Amino acid sequence: MKSLDIHKSEYLKQFETQTYGRNLFRTQEEERLDAPNEECGIFGLYSDNDLDTFSLSQFGLFALQHRGQEACGISVLKDGRITNMKDEGLVLDVYKEIQEPETFMGNSAIGHTRYTTAGDKKKYNFQPFFAKNEYDQIILSIAHNGNLTNAKELKQELEAEGVVFRATSDSEVILRLIQKNLDLGLRGAIKATMEKIEGAYSVVGMTRNKFFAFRDFNGIRPLVLGAIDEKSYVVASESVALDAVGAQYVRDILPGEIIYTNENEPGKLHSYMMDEAKGKQRICSFEYIYFARPDSTLENINVYEIREKSGEKIWEQAPVEADLVIGVPDSGVPAAIGFSKASGIPFRPVLIKNRYIGRSFIVPTQEMRERVVNLKLNPIISEMKDKRVVIIDDSIVRGTTSKRLVKILKDAGVKEIHFRSVSPPIIAPCYLGIDTPSKDDLISANMTTEELKNYLGVDSLEFLSIDNLKTILGSANHCFGCFTEEYPVGKGEEVDLFN
C-alpha cells in the first residue's frame with residue numbers, strides 16, 4: 001500500500017499543470033446549482049523594469065483558473081499607455097486570441113478570471129473594467145473580487161451626479177468612484193472610495209503611471225503580496241499565483257490597507273492603513289474548506305493542512321468502523337487522507353480522474369449530462385465491492401450531487417456507506433462574493449441531519465461542527481455566515497443589484 005505521504009505528494013503535484021477541479025462529480029449545470037461558486041480571481045504585477053507581462057499574467061491567471069471559468073481579461077501598462085483585452089472562455093483560450101503578444105508586454109499588468117455574482121453574463125461585465133478620458137485613452141483599470149452590499153444606492157447617487165454606467169456589475173461602482181475622485185490623487189481617490197463602499201472587496205488596479213491594490217476592512221476576500229525582486233511586485237487572490245510567476249510570498253495585504261506606487265519613487269511600494277481600529281480579520285472560512293487551491297497559503301495558513309486536519313477532526317467527532325476511506329476529487333482527497341491517518345482505515349484513490357477532460361460537454365439531456373461524470377471519474381469497482389466505505393466530501397449544498405454519488409457507490413456493490421462532510425451544514429446564502437443557492441434550495445436549511453441521511457440513503461451522516469472548524473482554523477476570526485447566518489457586515493438588499 002502506498003504511504004499517505006506519497007498520496008499527498010501525487011495529489012498536490014498534479015495542480016502544477018492541471019486546473020484544480022474541486023468536485024468532479026458535479027456536472028456543469030450542477031457546478032452552477034449544487035455548489036457554492038467562487039466569484040473570481042485577481043492578479044496584478046508591477047515592476048520598475050519592462051517584463052514579459054504577457055506570459056507572467058497568463059501564468060498567474062492560469063493558477064487562479066479554479067476561481068472563475070466564465071471569462072478572462074487583462075490590462076497592461078506600457079510607456080504610459082494601458083491596453084485591455086477580455087473575452088469569454090478559459091485563460092489559455094483567451095490568451096490564444098491575442099495576435100500580437102508584444103502589445104501586452106510592459107511594466108505592469110492586472111488580470112481577472114470571472115465567475116458571475118453581481119451583474120449578468122454579458123461581455124460588458126467582463127473585467128478588468130476601465131475608464132477613459134476625453135481623448136479615448138484608458139486612464140484607469142481595475143479588477144475586483146467580492147460583492148458590494150450597498151452598490152445599488154451608490155450607483156443611483158453617481159447617476160444623479162451625471163455618471164454614466166456601461167455595465168451592470170457592482171465592480172463598476174468602485175471604478176467610477178475612484179475615477180470621480182482622482183483629483184484627490186490616487187491614494188485620496190481610493191480612500192474616498194473605501195469610505196463609501198460596503199461589503200467584501202479585494203481590488204487591484206493601475207493608472208497610466210501608478211499601480212495599486214486594496215482590501216475591505218474585514219479582509220473577507222483573500223489578497224496576497226509577493227515580490228520577484230526588490231523592484232518587482234505581485235498581488236493575487238492566492239499564493240499559488242505567486243509561485244506560478246516565480247515570486248516569493250511576502251505577506252497578506254491587511255484588512256483596510258491600500259498599497260500603491262508613486263511615480264516619483266519608481267520601484268517602491270507604499271502602504272497606507274485606512275483605520276487600524278476598524279480593520280478586522282474575517283476572511284471567508286469556506287476559502288479553506290473548498291474555494292482555494294490546496295497548495296495555497298492564506299493568512300499564513302496552509303490550505304492543504306487545514307483540509308487534512310478536517311479529516312482527522314471529523315474522525316474524532318464521529319468515528320466509525322469501515323474498510324475503506326475515499327475522498328471526492330479534488331477537494332475531498334486531503335480530508336480523506338487525514339481521516340485515514342487518524343483512524344487507521346486505509347485510504348484508496350478509487351475514483352479515477354480522467355486527466356484530459358476539461359469542462360463538461362454541451363449535451364441536451366439530463367441522462368447524457370450524467371454520463372459526462374463517468375468520463376471525468378471512473379470508480380474501481382473491485383476495490384469497493386462488499387466493503388464498508390467512508391466517503392469524504394467538502395460539503396453538501398442542494399444534495400443532488402451527493403445523492404448521485406451514493407447511487408454510484410451502491411451500484412459498485414458497496415456494503416455500507418458512511419458519509420462525512422468536512423464543512424458544517426450550509427444553512428444560509430452568501431452575500432459577500434460567493435454565489436450560493438437561495439435558502440429554500442439549501443438542503444441543510446430544510447432538513448435535519450437524520451432526514452438528510454435518509455434522503456441520501458446512507459448508513460450514517462455527519463457534518464464537521466462549527467466548534468471543530470474554529471479549532472482547526474486556530475481562531476474564530478473568520479466569516480462563518482453560510483453556516484451561522486451571521487455576517488461580518490450587513491447583507492444589503494436580497495435583490496439583483498441593478499434590476
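**Helix packing and aromatic contacts**

Tutor: This is a predicted model. In helix H1, which spans residues 4-13, Leu4, His7 and Tyr11 are buried.

Student: Which helices do the buried residues of H1 pack against?

Tutor: The face turned away from the buried side of H1 carries exposed residues, Asp5 and Lys13. The buried residues of H1 pack against helix H10 (303-317) and helix H11 (333-343).

Student: How many aromatic pairs does the structure hold?

Tutor: A pair of aromatic rings is described by the distance of the centres and the angle of the planes. Ring pairs link Phe286, Tyr290, Phe291 and Phe483 into a cluster. The number of aromatic pairs in the structure is twelve.

Student: Are the rings of tyrosine 46 and phenylalanine 211 stacked or edge-to-face?

Tutor: Their centres are 6.0 Å apart. Planes under 30 degrees apart count as stacked. The planes of tyrosine 46 and phenylalanine 211 are at 25 degrees, so the pair is stacked.

Student: How many residues apart in sequence are the parts that this pair ties together?

Tutor: Tyrosine 46 is buried at 7% relative accessibility, and phenylalanine 211 is buried at 0%. Tyrosine 46 belongs to strand S1 (residues 40-47) and phenylalanine 211 to strand S8 (residues 211-215), so the parts tied together are apart in sequence by 165 residues.

Note on methods:
Residues numbered from 1 in each chain as written. Predicted model: local features only at pLDDT ≥ 70, side-chain atom pairs only at ≥ 80, totals over all residues. Heavy atoms only, no water. Buried < 20%, exposed > 50% of the residue type's maximum accessible area, 1.4 Å probe, protein only. Helix = DSSP H or I, 4+ residues; strand = E, 2+ residues; numbered from the N terminus. Contact = heavy atoms within 4.5 Å. Phe/Tyr/Trp six-rings, centres within 6.5 Å; stacked < 30°, edge-to-face > 60°.
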